[in-house]
Amino acid sequence: MNMQSKSGFSLIELVIAITIMAIFAGIAIPSYLGITRKAKKDSTVSILKTLDTAVSSFHGDTGSYPNSISELVHKPSDEKIGKRWEGPYIDKEITSDGYKTDLVYRVTKGGKHPYELYSWGPNGEGSPEEEWINVWDI
């Protein structure tokens, strides 16, 4: 009697291999997502701190706050402010956060702070205020 050897995996071996891969994926994917989420928030915080420092420098030089983030890079058209402008205060205009959504910057009058600077957070524009990443809270 001639016995032929069969090569390949048995069904049970395949099931075990797939189960092991599923377990690894179940551990790795949530870890990766958590790391990605943290990196996006950390990037946003860093961007906000950079802009806050630039806005403070602009204010120190000109005595006023920029009307837009663009004025941190480009000399303002207002002659009075332009004379005292010592910029650029940042290398390039930064308009989005770590989530790739637009930042919010505006000068306020009579508010708690002289300007608002925040990110909408991970859920983007229109998200509830408790999700925002505000420069005054970091």
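**Reading salt bridges in a predicted model**

User: Asp42 and Lys38 stand 4 residues apart in helix α1, which means that about one helical turn separates them. What joins the side chains of Asp42 and Lys38?

Analyst: A salt bridge places a side-chain nitrogen of Lys or Arg within 4 Å of a carboxyl oxygen of Asp or Glu. Here the side chains of Asp42 and Lys38 meet in a salt bridge at 2.7 Å, N to O. This is a predicted model, in which local features need pLDDT of at least 70, side-chain atom pairs count only at pLDDT 80 or more, and totals for chains, interfaces and linings use all residues. Residues are numbered from 1 along each chain as its sequence is written, and side-chain values use heavy atoms, with hydrogens and water left out.

User: How many salt bridges does the rule give?

Analyst: The count is 2. Glu116 and Arg106 also meet in a salt bridge, at 2.7 Å, N to O. Glu116 lies in strand β2 and Arg106 in strand β1 (residues 104–107), so this pair ties together parts 10 residues apart in sequence. Helices (H or I, at least four residues) and strands (E, at least two) are DSSP runs, numbered from the N terminus.

User: Is Lys38 buried or exposed?

Analyst: Buried means under 20% relative accessible area, exposed over 50%, and partly exposed in between (1.4 Å probe, protein chains only). Lys38 is exposed at 52%, whereas Asp42 is partly exposed at 39%. Glu116, at 28%, is partly exposed, and Arg106 is partly exposed at 41%.

User: What is the mean pLDDT of the protein chain?

Analyst: pLDDT is the predictor's confidence in each residue, from 0 to 100. The chain mean is 89, and 96% of residues reach 70 or more.
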